[in-house]
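Here is a short briefing on one protein chain. Look at the structure before reading the points below it.

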Amino acid sequence: MHTIRAAGNFQSCNLVLDKIDGLKLRRLAKLILMTVREALAEGRFAMKGSHTPELDTALLLANACKLDREHLYMRLSESLDNTIVKEYRLSVKRRISGEPVAWIIGRKEFWGRDFSVGPGVLCPRPDTEALIEAALKTMDEYGSKARLHDCCCGPGTLALTLAAEQPGWSISASDISSIAEQYFERNNQSISNGNVKYFRSNLLENVPGQFEIIVSNPPYLTPAEFSQRKKLKWKEPALALDGGDHDGLNVIRRLIPYAWAKTTKNGTLLLETSPTQMHEVLRLLSDAGFKNIQYRDDLGGIPRVAIAKKELA
Ligand code: GLN
């Protein structure tokens, strides 16, 4: 009988049963121990309220088994060590309580790299790839050795991806959250060899210097959208998601004048926002004096990134 065991757990009852080697005991063990297939079915049933129960259970069980999903699916009939089942059931409970899978397994892939994430920090989202694409194109216009700052950096999604893609640039990042800072520093080491300078700051208040490019994925959900997520038991922090004011644009309204002051005279600002706010955000940028204002769609084909240039003679 094959059993997927928790790493290093040599005390497990399965091992004892293996040693006894009696046919009856082995059959008994097969009855007692849960197979991968059964554990997945149990998890799917428990999570029937979720949008993606199949994917979530597979990710959580694969994580408990220290396997990737593909290998887990190749071992559906194998029995699971009780320690693994315990850990898996605990993670299913956390998921049902509203924690994102990424928090539970401690990582989220973004632009081909693993970001460390956990309770209290915003998980990188595919929507944000649109901003990376636009920022990389903009960086090409300036050449290397220019400066870029990521305001509201969370776990470092934008700053660290861009630093890894464009190592010649001088890149810094800031966030108001102390929890985000811990994840940022961990990711800074693993993704960019600690090369990105971090500032704890309310928007750009404590950030020194001027930048050719400022990027930001600030909180921009409307209070109504945010409370809707709360009702659905989402746990990601208001600090990272709730944009404030009736329209979710309070943070963006405060950020734009800061960005104007902190960009060089040929500087560019790239902002993530929601499709419903795009029109208003483009207007705010124009009112602040920015020129050449454009937007880009995300992977879902909806407006997601506002791009504006300073263009002072
Ligand atoms: N796009 C994110 C979401 O819908 C919101 C991110 C943000 O507020 N910065 O969850």
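Domain bounds here come from an automatic or database domain assignment. On that basis the protein chain has domain 1 (3–97) and domain 2 (110–309). The model is a predicted one.

**Domains and core**
- The C-alpha centres of domain 1 and domain 2 are 39 Å apart.
- The largest nonpolar core is made of 80 residues. Those with the most contacts inside it are L61, L131, A135, A159, I252 and L270.
- Helix α4 (residues 53–65) gives this core its largest share, 7 residues.
- Both domains take part: at least three residues of this core come from each of domain 1 (3–97) and domain 2 (110–309).
- In soluble globular proteins, nonpolar side chains tend to be buried together.

**Contacts of L61**
- Leaving aside residues up to four places away in sequence, L61 touches V36, A39, L40, G43, L72 and Y88.

**Helix α6**
- Helix α6 (residues 82–96) has 15 residues, and at 1.5 Å a residue these should span 21 Å. The expected span is 1.5 Å times one less than the number of residues.
- I84, V85, Y88, S91, V92 and R95 are the buried residues of α6.
- Viewed down the axis of α6, these buried residues fall within an arc of 130 degrees, so they line one face of the helix.
- The buried residues of α6 pack against β1 (3–4), α3 (36–46), α4, β2 (79–80) and α7 (101–105).
- After α6 comes G98, which has a positive phi, near 110 degrees.

Conventions
Residues numbered from 1 in each chain as written. Predicted model: local features only at pLDDT ≥ 70, side-chain atom pairs only at ≥ 80, totals over all residues. Core = buried A, V, L, I, M, F, W, Y, C linked by C-beta atoms within 7 Å. Buried ≥ 20, exposed ≤ 12 C-beta atoms within 10 Å, placed from the backbone. Helix = DSSP H or I, 4+ residues; strand = E, 2+ residues; numbered from the N terminus. Contact = placed C-beta atoms within 7 Å. Arc of directions from axis to C-beta.
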